[in-house]
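User: I'd like to learn how to read the features of a structure, one at a time. Could you take me through this one?

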Amino acid sequence: MRAHSSATARNTIAVTIPADTPGSTTTVATGTLLAALGVTAFSLTFPATAWGLEGFGPWSLVAVRGVLAALLAGGCLLALRVPLPDRRHWAGLAVVAAGVVVGFPLLTTLALQTSTTAHAAVVVGLLPLTTALLSALRMGTRPSRTFWTAALAGAAAVVAFTVQQSGGSLTTADLYLFGALLVCAAGYTEGGRLARVMPGWQVVGWALLLCLPVSVPAAALALTLEPVQLTAHSVTGLLWVSAGSQFLGLVIWYRGMAVIGVPKASQLQLAQPLLTLVWSVLLLGEHLTVAAPLTAAAVLVCIAVTQRARG
């Protein structure tokens, strides 16, 4: 029974996607489309968070987001009869939960109270580099000198951008964003390690459920202390960050990545900060400074160099 459940779990993401011949043009096209949709979903997270903050307090938005995403993930895990992870994996899942489920959403939401989404997108565009650095430390690998040079150049570009945009010093929002980079990179690194032994969407699903005993009372408390105003923007923003960003986006992203491979999928993710800049203008009416797209492009180049250096 357990073997059957495990086999079912391994194939869960494929249930809604027609099976194609491995390596065929159709398979590659499908995988590329799914990965691109995942990146698009992630690029909408900051604008959706800004909408959510129009009607919810930051603590309410993050807590309710976690509850809704956990209920969705739990329903999928239950419906597909996915067995509990081995005891040795729970410590890693706790790291994923702390970084991806709680830390990153909370810190970025707090930052977006005073920061524009364009500014946040440029800073968080450094996430792939931060993840690569922590992954190298976690796995004990020794990246090349080219890798470290490009990583430091990308970090320097983002730091220069934040200082310039903040009038010569870092703001509280900037500190929140840099903290979000670190905790999310730690969660991604540990999640990548766990994804070697279980499907990536299950890693996220179990991490969400692990937070449920905390997120439910936190949501109940926050909703009583912070004012709530239900508007089209606030409800849409809440639903998107809960279902689109926190769960469904990850499902299609991991499925696409499984089809076309991590390197090709990662190349698509390079466009995420630039997409967020576009959404910040179209959905929020923000006005971009010249420095924002230039810095995002510079970080994109640095990330591409690090990926090439890693082989």
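User: What should I know about the model before reading on?
Analyst: This is a predicted model, in which local features need pLDDT of at least 70 and side-chain atom pairs count only at pLDDT 80 or more, while totals for chains, interfaces and linings use all residues. Residues are numbered from 1 along each chain as its sequence is written, and side-chain values use heavy atoms, with hydrogens and water left out.

User: What is the mean pLDDT of the protein, and where does pLDDT stay under 50?
Analyst: pLDDT is the predictor's confidence in each residue, from 0 to 100. The mean for this protein is 83, and 86% of its residues reach 70 or more. Over residues 1–22, pLDDT stays under 50, and the model has 28 contacts beyond four places in sequence for that stretch. Where pLDDT is low, the predicted coordinates should not be read in detail.

User: How many helices and strands does the protein have?
Analyst: Helices (H or I, at least four residues) and strands (E, at least two) are DSSP runs, numbered from the N terminus. The protein has 14 helices and 0 strands.

User: Is helix α3 enclosed or open?
Analyst: Start with the general idea: buried means under 20% relative accessible area, exposed over 50%, and partly exposed in between, using a 1.4 Å probe and protein chains only. Buried residues make up 47% of the 311 residues here. In α3 (residues 45–52), 8 of the 8 residues are buried, so this helix is largely enclosed by the rest of the structure. Its buried residues include F46, P47 and W51.

User: Which residues have the most contacts inside the largest nonpolar core?
Analyst: A nonpolar core is a set of buried Ala, Val, Leu, Ile, Met, Phe, Trp, Tyr and Cys residues joined through side-chain atoms within 4.5 Å. The largest one has 28 residues, and V96, W201, V203, W206, L208, F247 and W253 have the most contacts inside it. Helices α2, α4, α5, α10 and α11 each supply at least two residues of this core, and α10 gives the most, with 7 residues. To follow one member, look at F247: leaving aside residues up to four places away in sequence, F247 touches L72, A73, C76, W201, L208 and S242. A second, separate core has 23 residues, among them L112, A180, A185 and V299.

User: And the surface: which residues make the nonpolar patch?
Analyst: Accessible areas come from the Shrake-Rupley method with a 1.4 Å probe, and for residues only the protein chains shown count as cover. The protein exposes about 14800 Å², with carbon and sulfur atoms supplying 68% of it. Patches are made of residues with over 30% relative accessible area and no salt bridge, with like charges joined within 9 Å and nonpolar side chains (Val, Leu, Ile, Met, Phe, Trp, Tyr) within 5 Å. Here L68, L71, L223, V228, L230, V235 and L239 make a nonpolar patch of about 600 Å². Helices α4 and α11 each supply at least two of its residues. One of the patch residues, L71, lies in α4 and counts as exposed because its relative accessibility is 53%.

User: How many salt bridges does the structure hold?
Analyst: A salt bridge is a side-chain nitrogen of Lys or Arg within 4 Å of a carboxyl oxygen of Asp or Glu. This structure holds 2. In one, the side chains of D86 and R88 meet at 3.6 Å, N to O; D86 is partly exposed at 32% relative accessibility, whereas R88 is exposed at 63%. In R193 and E190, the closest N and O atoms are 2.6 Å apart.

User: Where do R193 and E190 lie, and is E190 buried or exposed?
Analyst: Both lie in helix α9 (residues 172–194), 3 residues apart, about one turn of the helix. E190 is buried, because its relative accessible area is 8%, while R193 is partly exposed at 25%.

Methods: Contact means heavy atoms within 4.5 Å.
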